[in-house]
Amino acid sequence: MVRRFRGEGVQKVDTKGRVSIPASYRAVLRDGDPNWSEGKMPEFVIVYGDSRRDFLECFTVDAANEVDERISRMPRGSRKRRALERLFNGQSLSASVDETGRIVLPLKQRQKIGIEDKAYFVAMGDTFQIWKPETYMASEAPIDELLDTMPEGADIWTLLEDGEGG
């Protein structure tokens with residue numbers, strides 16, 4: 001069974017853009033890197049996207065390969081395929097975790113999402129996101145609005161009924 005990213009939290013970012021990846025995330029990155037072996041640093045993909053994305057989305061190598069495979073099955077030259085190729089391949093970069101459990105967030109990507117001295121990490125199951133903490137907190141409003149539409153005492157797990165296989 002594939003490990004999933006879990007949890008959230010704030011990490012300090014130094015002036016060179018170095019930030020520690022949560023320890024539990026590092027284990028998932030190792031498991032999701034088919035080229036990883038003892039003594040090697042796990043690699044992963046950071047998708048930064050265009051101006052509409054306020055966060056960086058991080059994929060294990062295996063998860064990135066799955067997305068690439070899905071894109072490659074789309075009709076070559078289609079608008080959707082070109083858009084996804086640009087987002088997923090052109091607006092992304094390869095990264096690796098160093099021996100101390102840190103990554104370097106390049107200045108361009110830090111500036112794009114406004115990260116200065118802190119980064120907010122949030123697990124999304126098969127990916128994790130890196131946000132400016134204040135931007136992440138503001139992004140929670142639509143989720144709160146959805147939950148506020150639920151009847152008093154409703155179980156949040158009923159939202160699964162709307163998903164595939166529900």
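Q: Why is A123 called buried?
A: In this predicted model, A123 has a relative accessible area of 17%. Buried means under 20%, so A123 qualifies.

Q: What makes F5 a contact of A123?
A: Contact means heavy atoms within 4.5 Å. Leaving aside neighbours within four places in sequence, A123 is in contact with F5, R6, G7, Y25 and F128.

Q: Where in the secondary structure is A123 found?
A: A123 lies in strand β7, residues 118–123. The chain comes to six helices and eight strands.

Q: How far apart are the C-alpha atoms of A123 and V104?
A: They are separated by 19 Å, and the two residues are 19 residues apart along the chain.

Q: Why is D62 called partly exposed?
A: The relative accessible area of D62 is 32%. D62 is found in helix α2, residues 61–72.

Q: What makes the patch with D62 negative?
A: The patch is formed by D62, E66, E69 and D126. Asp and Glu count as negative, so the patch is negative.

Q: What share of the chain is buried?
A: Buried residues make up 35% of the 166 residues.

Q: How far apart are the mean positions of the positive and negative charges?
A: The mean positions of the 25 positive and 29 negative charges are 9 Å apart.

How values were computed:
Residues are numbered from 1 along each chain as its sequence is written. This is a predicted model: local features need pLDDT of at least 70, side-chain atom pairs count only at pLDDT 80 or more; totals for chains, interfaces and linings use all residues. Side-chain values use heavy atoms; hydrogens and water are left out. Patches are made of residues with over 30% relative accessible area and no salt bridge: like charges are joined within 9 Å, nonpolar side chains (Val, Leu, Ile, Met, Phe, Trp, Tyr) within 5 Å. Accessible areas come from the Shrake-Rupley method with a 1.4 Å probe; for residues, only the protein chains shown count as cover. A salt bridge is a side-chain nitrogen of Lys or Arg within 4 Å of a carboxyl oxygen of Asp or Glu. The place of a charge is taken as NZ of Lys, CZ of Arg, CG of Asp or CD of Glu. Helices (H or I, at least four residues) and strands (E, at least two) are DSSP runs, numbered from the N terminus. Buried means under 20% relative accessible area, exposed over 50%, partly exposed in between (1.4 Å probe, protein chains only).
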